[in-house]
Amino acid sequence: MDPEKVDAETLRHAYYQMVLMRRFELRVAEYYQQGKIGGFCHLYNGQEAVAAGVAAVCRPEDYWISSYREHGHALAKGMSAKSIMAELFGKVTGCSRGKGGSMHLFSVEHRFYGGHAIVGGHLPLAAGMAHAIQGRGEDAVVVCFFGDGAVNNGAFHEALNLASLWKLPVIFLCENNRYAIGTPLERASSLYDISLKGRGYDMDCDWLDGMDVTRVMLKLGEAVERARTESRPTFLEARTYRFRGHSMADPAHYRTKEEVEDQRKRDPLLLLEKRLQDDGELTQEQIQQIEDQVDQEVEESVVFAEQSEEPAEEELFTDVLV
């Protein structure tokens, strides 16, 4: 896929998804501050191009699995804003019946399997899912999202080793936003180009610009095709940036305002918007229509969440494995 030749319809859909992710997270922040959303909450602002780019090259039958910064992934995978917002509000109509909250979004229907709060803990699960796909002969692949804080974790190395050894159809996608909570990459990793870690497992690996949705589509498209047709795993590092703190509880004093403002100059939303406008594929009027449509979708999700019921007390004893 040539990034310069991605069709306009695909880019407009990606733009809509990215606007939805951004505005959904803005409302989540608002209601978290009001106390209507509790627990830990990690927002996706700034990283939207990664999820939208992956969605553009995947099929509905492909499996996604993620860590705790997964609101954007869930939206890109096709889960409704209503089911996600209700989950954040802890309501029974939520995608995890109000039991998971922000870090544990699930939808078997959409083949979205979390939402996992243990750093790196879901990478072996991704390898296991790919092994099951392989064993059943399914025409599907697994995309596993995680942050740069997971790459020095033992589970990361175990998962990549097995995936390469068994030739599993899985893409390990590191969203490197440069900070593991408040620790910058250069203080945590002896290797700045963490994509090179894939070479230690004889695995296809590369890095990409995670702020440019067309570059995400290019690299992920190649990886998905490799997994689907050759059953070969890939490790990709998407270099991106989160505009907010690690979580809603993080004031992010470990980085300067100047650094954040400099990164905002490459806001993935603005980059895509400018490209579409320059190509004559998106007018200011159409941008306003998209924003209005997104605002309505997000507002409806809030109303749905607020009007939904709390889980019954009996729910404490359902879905419990012993």
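Predicted model: local features only at pLDDT ≥ 70, side-chain atom pairs only at ≥ 80, totals over all residues.
# Helix H1 and its packing partners

Helix H1 (residues 8-33) packs against helix H4 (residues 81-88) at an angle of about 20 degrees, and the axes of the two helices are 12 Å apart. Because angles under 35 degrees count as roughly parallel, H1 is roughly parallel to H4.

**H1 with H4**

- The crossing that H1 makes with H4 is right-handed.
- On the H1 side the contact is made by Phe 24, Arg 27 and Val 28, which meet Ala 81, Ile 84, Met 85 and Leu 88 on the H4 side.
- Sorted by class, the residues of this contact between H1 and H4 comprise six nonpolar and one charged, with no polar residues.

**H1 with H11**

- H1 also packs against helix H11 (residues 284-307), here at an angle of about 40 degrees and with the two axes 9 Å apart, and the two helices are therefore oblique to each other.
- As H1 crosses H11, the handedness of the crossing is right-handed.
- From H1, the residues Tyr 15, Tyr 16, Val 19, Leu 20, Arg 23, Phe 24, Arg 27 and Tyr 31 take part, and they meet a set of H11 residues that includes Ile 287, Ile 290, Glu 291, Val 294, Asp 295, Val 298 and Glu 306.
- The contact of H1 with H11 contains 11 nonpolar residues, together with two polar and seven charged ones.
- Phe 24 and Arg 27 of H1 take part in the contact with H4, and they are also among the H1 residues that meet H11.

**H1 with H2**

- The axes of H1 and helix H2 (residues 48-57) come within 9 Å and cross at roughly 140 degrees, and these helices are therefore oblique to each other.
- The crossing in which H1 passes H2 is right-handed.
- Thr 10, Ala 14, Gln 17, Met 18, Met 21 and Arg 22 form the H1 side of this contact, while Glu 48, Ala 49, Ala 51, Ala 52, Ala 55 and Ala 56 form the H2 side.
- By class, the contact of H1 with H2 divides into eight nonpolar, two polar and two charged residues.

- Apart from neighbours within four places in sequence, Ser 83 is in contact with Thr 93, Gly 94 and Cys 95.
- Ser 83 and Glu 237 are 154 residues apart along the chain, and their C-alpha atoms are separated by 30 Å.

**His 116 in a loop**

- His 116 lies in the loop that runs between strand S3 (112-113) and helix H5 (123-136).
- When its neighbours within four places in sequence are left aside, His 116 is in contact with Ile 65, Ser 66, Ser 67 and Tyr 68, with Met 103, His 104 and Phe 106, and with His 122 and Leu 125.

Terms used
Residues numbered from 1 in each chain as written. Heavy atoms only, no water. Axes fitted to C-alpha atoms, helices over the stretch in contact; angles between N-to-C directions. Helix = DSSP H or I, 4+ residues; strand = E, 2+ residues; numbered from the N terminus. Parallel < 35°, antiparallel > 145°, perpendicular 65-115°, else oblique. Left-handed = near helix turned anticlockwise from the far one by under 90°. Contact = heavy atoms within 4.5 Å. Nonpolar A, V, L, I, M, F, W, Y, C, P; charged D, E, K, R; others polar.
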